[in-house]
Amino acid sequence: MTQTERAVSFTGVAKAFGDICAVDGVDLEIARGETVALLGRNGAGKSTTISLLLGLNKPDMGTVELFDGPPERAVRAGLVGAMPQEARAVPRITVRELVSFVAGRYPAPLPVTGVLELAGIAHLAGRRVDRLSGGQTQRVRFAVALAGNPSLLVLDEPTAALDVEARLAFWEAMRAYARGGRTVLFSTHYLEEADAHADRILVLDRGRVVADGTGEELRRAAGGSLVAFDLAGRGTGGLALLPGVRSVEVRGDRVRLRTDDSDATVIALAELGAIRGLEVAPASLDDAFLVLTGTRGAQGKRETV
């Protein structure tokens, strides 16, 4: 990827807070026009990564660049819009007044009425910001992030306070904005959202990027299929040595095998007569996430996918 194609670049970035290493040697690039999801457990380093990207914190080591320059320059130029996970409501100001004020700080903002409509809050334009519900406040934050028509949109847990209907409306609005060639980076705890709405998924664990790819690539990297069957009194010896098997998990009288080659695994099980209650299914993104973050079957290395 050439410099002119990059929106975001981290090179050997590390950041510690006291004895806690929040970001540990992160290298990543995000292309212009790409939508990328940032996944990780609590404490994995997502929020610190976003704060470094926005220039709110300085790395202890390494470099962070937005559009081939320091984050501060990109922010000052109006190239970046951000939706923080938490923000204090501004008292005694209406939604329209807040969005208008933010839009006025950018060189080429979107029309305020269009921003309110895109964020689904046109009907709240005259309401005071400090009198909105949590879900309504979240959509106002989204409008504020959009107001300046930024080239890079950074969203930290954007649907955390939204109900199902509001989440669907949010993602429709986000995709509409991204279709204009903008770059979007969002963090989320909802794996299905990352799978459905991101071109790429970055998985962070203990401050490091442990996986980078599409949802399908992550599933394959963690073991493409699950084969389950009943033990029916049989032992588990030798199951880990069967063709394709990467891990063995026993739950009561039932065994789950994670395998790269489900056909070969099933044939070997049939030869052993171990096919009672046999079930074969593709690995879910939830399964892949648990494996890649070491929650299940720790791997201790980054998966290249």
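This is a predicted model: local features need pLDDT of at least 70, side-chain atom pairs count only at pLDDT 80 or more; totals for chains, interfaces and linings use all residues.
I275 sits in the loop that links helix 9 (262-272) to strand 13 (279-282). Together with L278 and V280, I275 makes a nonpolar surface patch of about 220 Å².

Helix 6 covers residues 164-178. Buried positions in helix 6 are A166, R167, F170, W171, A173, M174, Y177 and A178. These residues lie on the same side of helix 6, because they cover an arc of only 160 degrees around the axis. An α-helix has 3.6 residues a turn, so residues three or four places apart point the same way. The face turned away from the buried side carries V164, E165, L168 and E172, which are exposed. The N-terminal end of helix 6 is capped by D163. A side-chain oxygen of D163 lies 3.3 Å from the backbone nitrogen of E165.

A further loop, between strand 10 (225-230) and strand 11 (245-251), holds G238. The relative accessible area of G238 is 41%, so this glycine is partly exposed. G238 and P91 are separated by 147 residues in sequence. In space, the C-alpha atoms of G238 and P91 are 66 Å apart.

Note on methods
Residues are numbered from 1 along each chain as its sequence is written. Side-chain values use heavy atoms; hydrogens and water are left out. Helices (H or I, at least four residues) and strands (E, at least two) are DSSP runs, numbered from the N terminus. The expected span of a helix is 1.5 Å times one less than its number of residues. Buried means under 20% relative accessible area, exposed over 50%, partly exposed in between (1.4 Å probe, protein chains only). The arc is that of the directions from the helix axis to the C-beta atoms. A polar contact is a pair of N or O atoms within 3.5 Å; within protein, one must be able to donate a hydrogen and the other to accept it, and residues adjacent in sequence count only if both atoms are side-chain atoms. Patches are made of residues with over 30% relative accessible area and no salt bridge: like charges are joined within 9 Å, nonpolar side chains (Val, Leu, Ile, Met, Phe, Trp, Tyr) within 5 Å. Accessible areas come from the Shrake-Rupley method with a 1.4 Å probe; for residues, only the protein chains shown count as cover. A salt bridge is a side-chain nitrogen of Lys or Arg within 4 Å of a carboxyl oxygen of Asp or Glu.
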